[in-house]
Every structure is written in structure tokens, then in C-alpha cells.
Amino acid sequence: MTDPLRLLRGTLDVVILRTLEAGPRHGYDIVSALADRSEGALQVEDGALYQSLHRMRERGWVRSEWGHAQSGKRARFYELTPRGRKELQRASREWLDYSDAILKILRP
């Protein structure tokens with residue numbers, strides 16, 4: 001089993017990668033999608049979001065380019081790279097294995 005603390009730190013990255021799997025999104029759209037998909041349970045702060053996106057860009061998991069949001073405002077859009085898709089698969093598998101182990105302990 002992997003280091004649980006590292007796994008918890010990587011949780012934001014993997015949920016952002018999953019959100020980007022549907023296609024390119026800008027920051028506000030990513031935050032909205034995470035909140036919607038988690039039924040409001042996951043509220044991501046802007047600072048944490050952009051730190052994660054910057055880290056993932058440096059690792060080659062996402063790329064970005066400027067475009068225009070539906071509102072017409074200029075926005076940076078983030079998109080998964082092939083390396084990011086591989087990381088999403090790996091991290092998802094790791095996270096699901098870890099959560100299954102925890103659920104085995106917590107379930108009555």
C-alpha cells in the first residue's frame with residue numbers, strides 16, 4: 001500500500017484531472033464542476049486550485065491556452081495531456097484501492 005499522507009495530498013490533483021477528462025475547462029468551470037459533482041461537499045479555494053494546476057502543468061499532466069469563456073471574458077483553459085490521462089488512471093486506481101481498504105475498516 002502507498003503512503004496515505006501522499007495520497008491525501010494528491011486528492012485535489014486527481015479530482016481535477018477527472019474533471020478535465022470531459023474536455024478543456026477554465027478555473028471557474030473546474031471549481032463549479034467539482035462542487036456540482038460532489039453535491040456541494042467539495043469547495044475548492046482559488047489558491048489551491050491554481051497551485052494544483054501549476055504543479056500539474058510542470059509535470060506535463062495538463063496544458064493550457066488562453067481563450068474566451070462563455071461570458072466573453074478572457075480565461076486560461078486547461079486540458080489533459082496523454083501523460084495526464086495515464087496519471088489519472090494510476091491515481092484513480094490507487095485512490096480507489098485506498099478508499100476500499102478504509103471502507104472495510106469503517107463499515108459495521
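Guide: Start with a term. A pocket is an open set of grid points with protein on both sides within 12 Å along at least five of seven lines, and a lining residue has an atom within 4 Å of a point. Keep in mind that this model is predicted.

Visitor: Which residues line the largest pocket?
Guide: The lining is Val14, Val15, Arg18, Thr19, Leu34, Arg37, Ser38, Leu42, Ser92, Trp95, Leu96 and Ser99. Each counts because it has an atom within 4 Å of a pocket point. The elements that give two or more residues are α2 (11–20), α3 (27–37) and α5 (82–106). The space in this pocket is about 240 Å³.

Visitor: What classes of residue make up the lining of the largest pocket?
Guide: There are 6 nonpolar, 4 polar and 2 charged residues.

Visitor: How many helices and strands does the chain have?
Guide: The chain has 5 helices and 3 strands. Along the sequence they follow the pattern α-α-β-α-α-β-β-α. The C-alpha trace spans about 50 × 30 × 25 Å along its principal axes.

Visitor: Why is α2 called roughly perpendicular to α3?
Guide: Their packing angle is about 100 degrees. Angles of 65 to 115 degrees count as roughly perpendicular. The value falls in that range, so α2 is roughly perpendicular to α3. Val15, Ile16, Arg18, Thr19 and Leu20 of α2 make the contact with Ile30, Ala33, Leu34 and Arg37 of α3. By class, that contact has 6 nonpolar, 1 polar and 2 charged residues.

Visitor: And what makes α2 roughly perpendicular to α4?
Guide: The axes of α2 and α4 (residues 46–58) come within 10 Å and cross at roughly 80 degrees. The 65 to 115 range holds that angle, so this pair is roughly perpendicular. From α2, the contact takes Leu12, Asp13, Ile16 and Leu17. From α4 come Ala48, Leu49, Ser52, Leu53, Arg55 and Met56. These residues divide into 7 nonpolar, 1 polar and 2 charged.

Visitor: Now the sheet. How do you know that β1 and β3 pair?
Guide: Two strands pair if there are at least two bridges between them. β1 (residues 25–26) and β3 (residues 74–80) have 2 bridges, so they meet the cut-off. The sense is antiparallel. In β3, Arg25 has Tyr78 as its bridge partner, and His26 stands opposite Phe77.

Visitor: What joins β2 to β3?
Guide: β2 (residues 62–68) is joined to β3 by 7 bridges, and the two run antiparallel. Glu65 stands opposite Phe77 in β3. The hairpin of β2 and β3 has 5 residues between the strands, and Gly72 takes a positive phi near 95 degrees there.

Visitor: Why are β1 and β2 called edge strands?
Guide: The open sheet has the order β1-β3-β2. β1 and β2 each pair on one side only, and that makes them the edge strands.

Visitor: Which helices lie against these strands?
Guide: α2 packs on the sheet and touches β1, β2 and β3. Its direction makes about 100 degrees with that of β3. α4 lies across β2 and β3, at about 120 degrees to β2.

Key: Residues are numbered from 1 along each chain as its sequence is written. This is a predicted model: local features need pLDDT of at least 70, side-chain atom pairs count only at pLDDT 80 or more; totals for chains, interfaces and linings use all residues. Side-chain values use heavy atoms; hydrogens and water are left out. On a 1 Å grid over the protein atoms alone, a cavity is a set of points where a 1.4 Å probe fits but cannot get out, and a pocket is an open set with protein on both sides within 12 Å along at least five of seven lines; lining residues have an atom within 4 Å of a point. Grid points are joined across faces, edges and corners, and a volume is the space filled by probe spheres set on the points. Helices (H or I, at least four residues) and strands (E, at least two) are DSSP runs, numbered from the N terminus. Ala, Val, Leu, Ile, Met, Phe, Trp, Tyr, Cys and Pro count as nonpolar, Asp, Glu, Lys and Arg as charged, and the others, Gly among them, as polar. Axes are lines fitted to C-alpha atoms, for helices over the stretch in contact, and angles run from 0 to 180 degrees between N-to-C directions. Angles under 35 degrees count as roughly parallel, over 145 as roughly antiparallel, 65 to 115 as roughly perpendicular and the rest as oblique. Contact means heavy atoms within 4.5 Å.
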